Amino acid sequence: YLGARTDFNGLPDSPYSQGWACSLSEVAIYKEEKDEDGTFANEVYNAGWGYDHRKNSNLVGYWRLNEGSGGQAKDLSGNGNHGTLTTDGTVIPSWTRNESYE
């Protein structure tokens with residue numbers, strides 16, 4: 001789960017117990033530590049909106065979360081790790097458009 005906290009001890013009927021009260025613009029997961037000294041974080045941060053993780057090695061999954069509708073988050077890494085957006089019955093998750101990210 002991304003953006004959720006699981007609590008199997010407190011809620012045995014449901015693996016999802018609490019979510020985030022914020023937004024998420026993109027997620028990239030690597031199969032190695034990328035930033036022991038902070039240089040990678042600076043590179044990503046200084047690139048501003050639209051940093052493209054696909055140029056880096058050992059990328060496991062990369063979700064820009066810019067589909068705009070529907071319940072799927074497409075994995076852009078080429079590894080096919082597409083995600084399904086779910087909810088606990090409320091109106092979230094929802095899509096918003098960030099013009100500067102396109």
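I am working from a predicted model, in which local features need pLDDT of at least 70 and side-chain atom pairs count only at pLDDT 80 or more, while totals for chains, interfaces and linings use all residues. Residues are numbered from 1 along each chain as its sequence is written, and side-chain values use heavy atoms, with hydrogens and water left out.

**Entry 1, N56.** I looked up N56 and found it in the loop between α1 (39-47) and β4 (59-63), where helices (H or I, at least four residues) and strands (E, at least two) are DSSP runs numbered from the N terminus. N56 counts as buried because its relative accessibility is 19%, buried being under 20% relative accessible area, exposed over 50% and partly exposed in between, with a 1.4 Å probe and protein chains only.

**Entry 2, the rings.** I then counted two aromatic pairs, taking rings of Phe, Tyr and Trp (its six-membered ring) as paired if their centres lie within 6.5 Å, with planes under 30 degrees apart stacked, over 60 edge-to-face and the rest tilted. Y30 and F40 have ring centres 5.7 Å apart and planes at 85°, so I noted this pair as edge-to-face. The pair joins Y30 in strand β3 (residues 27-30) to F40 in helix α1, ten residues apart. F40 and Y51 are also edge-to-face, because their centres are 6.2 Å apart and their planes at 85°.

F40 is buried at 15% relative accessible area, and Y51 is buried at 5%.
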